[in-house]
Amino acid sequence: MKILVLNLMPNKIETENQITNVLKNKTFQLEFTFLRTASYKSKNTDFSYLEKNYKVFDEISNLKFDGFICTGAPVETMRFNKVIYWDELKTVFKWVRKNSIPSYYICWGAQAALKIFYEIEKFTLNQKLSGIFDQIIMKESEILKNLKKPIFIPVSRFTGTKMQKVLQKKDLEILLYSKKTGPCLIANKKFNEYYNFNHFEYSTETLNDEYSRDKKNNLKINIPENYYPKNNPKNKPINCWGDNAIIFYNNWLNEIFFINKKL
């Protein structure tokens, strides 16, 4: 099964490991192709590594893939059209849909997809949402099959998406929702697309690393909620979402398999 991953995160290798770890699967042999933007060159990852391990769109546009993932990006406080690679992103997303590739968009990647396909705007929050939050199942779906309750998912973002804006689009269904953090997982069954504003793929230490980085950058940031035992950053966080992350991504791979089997 060939999976194309558009990695927009600064620390490319860390994100690669997160994605490949949650997609470990005994049923399918997975082949990953990592995609980078041509219009913006990462400042945090050595370019020689990118040249060796990443493709740009022109190099893959004639290839066939079974699934597509787009990560988040640290540009969420910018207006969409001010992002350097915005036009390139629109080209990639529209190509994915045109070629009927089942897709999964994460965090800002999900917000960008909803803007491109449905003109749904994000809005800036008063305070960064950071922590582990329980999600409510709004509608049963195969991709949520066998998830253990409560469903905890890491959240890390400065922006949100209004539920009402999503509900106005007949193609979209909200599958997971939190009273504290808003819509989480949105499905588009017509085009086999999922948009997750949160981070099933995060490793145990990711929120801790982000919290340390934000403090170092003198951002006004709260301690990630429901993350450190006794709410003390000196305590090692406990991963309460990892098992569900594996189940979730396996459900996605199974769904891709059956979609492609019908073609």
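Lysine 230 is exposed, because its relative accessibility is 82%, and the cut-off for that class is over 50%. The model in which this value was computed is a predicted one. Lysine 230 belongs to the loop between α7 and α8, and its phi is positive, about 60°, although it is not a glycine. Most residues other than glycine have a negative phi, and most peptide bonds are trans. Asparagine 226 lies in the loop between α7 (206–216) and α8 (242–262) and has a positive phi of about 55°, although it is not a glycine. Asparagine 226 is exposed, with a relative accessible area of 53%. A further positive phi, near 60°, is found at asparagine 218, which follows α7.

Proline 233 also has its place in the loop between α7 and α8. With a relative accessibility of 32%, proline 233 counts as partly exposed. In sequence, proline 233 and tyrosine 211 are 22 residues apart, and their C-alpha atoms are 9.3 Å apart in space. Apart from neighbours within four places in sequence, proline 233 is in contact with Tyr211, Ile223 and Tyr228. Another proline, proline 150, is found in the loop between β6 (123–137) and β7 (151–160). The peptide bond that leads from lysine 149 to proline 150 is cis, with omega near 0°.

The next topic is the sheet. Strands of a sheet pair through backbone hydrogen bonds, either parallel or antiparallel. In this model, 10 strands form an open sheet with mixed pairing, in the order β3-β2-β1-β4-β5-β10-β9-β8-β6-β7. The edges are held by β3 (54–55) and β7; each has a single partner strand, so one side of each is left without a neighbour in the sheet.

Strand β10 (residues 193–196) pairs in the parallel sense with β5 (residues 103–106) over 4 bridges, and serine 103 stands opposite glutamate 193 in β10. With β9 (residues 182–188), β10 runs antiparallel, and 4 bridges join the two strands; here isoleucine 186 stands opposite tyrosine 195 in β10. The hairpin of β9 and β10 has 4 residues between the strands, and asparagine 192 in this hairpin takes a positive phi near 55°. In a regular strand the side chains alternate between the two faces of the sheet. In β10, Glu193 and Tyr195 point one way, Tyr194 and Asn196 point the other way, and all are buried. Elsewhere in the sheet, β6 and β8 (residues 173–178) pair in the antiparallel sense over 2 bridges, with tyrosine 177 in β8 as the bridge partner of isoleucine 136.

Where do the buried residues of α1 fall when seen down its axis? In helix α1 (residues 12–22), the buried residues are Lys12, Thr15, Glu16, Gln18, Ile19 and Val22. Seen down the axis of α1, these buried residues fall within an arc of 165°, so they line one face of the helix. An α-helix has 3.6 residues a turn, so residues three or four places apart point the same way. In α7, the buried residues are Thr206, Leu207, Asn208, Glu210, Tyr211 and Asp214, and they pack against α1, β6 and β7.

Charged residues complete the account. Side chains of opposite charge can pair when their charged atoms come close. Glutamate 201, in the loop between β10 and α7, is buried yet has no salt bridge, and the nearest side chain of opposite charge, arginine 157, is 11 Å away. The side chain of glutamate 201 instead makes a polar contact of 2.7 Å with that of histidine 199. Beyond neighbours within four places in sequence, glutamate 201 is in contact with residues including Gln18, Ile19 and Val22.

The whole structure holds 11 salt bridges. One of them joins aspartate 66 and lysine 64, at 3.7 Å from N to O. Aspartate 66 is buried, with a relative accessible area of 16%, whereas lysine 64 is exposed at 59%. Another joins aspartate 243 to lysine 148, the closest N and O atoms being 3.7 Å apart. Aspartate 243 lies in helix α8 and lysine 148 in the loop between β6 and β7, so the pair ties together parts that are 95 residues apart in sequence. Lysine 180 and glutamate 225 also meet in a salt bridge, at 2.8 Å from N to O. This pair links the loop between β8 and β9, which holds lysine 180, to the loop between α7 and α8, which holds glutamate 225, 45 residues apart. Finally, salt bridges that share partners join Lys115, Glu119 and Glu121 into one network.

Note on methods
Residues are numbered from 1 along each chain as its sequence is written. This is a predicted model: local features need pLDDT of at least 70, side-chain atom pairs count only at pLDDT 80 or more; totals for chains, interfaces and linings use all residues. Side-chain values use heavy atoms; hydrogens and water are left out. Buried means under 20% relative accessible area, exposed over 50%, partly exposed in between (1.4 Å probe, protein chains only). The arc is that of the directions from the helix axis to the C-beta atoms. Two strands pair if DSSP finds at least two bridges between them. Contact means heavy atoms within 4.5 Å. Lys and Arg count as positive and Asp and Glu as negative; His and the chain ends are not counted. A salt bridge is a side-chain nitrogen of Lys or Arg within 4 Å of a carboxyl oxygen of Asp or Glu. A polar contact is a pair of N or O atoms within 3.5 Å; within protein, one must be able to donate a hydrogen and the other to accept it, and residues adjacent in sequence count only if both atoms are side-chain atoms.
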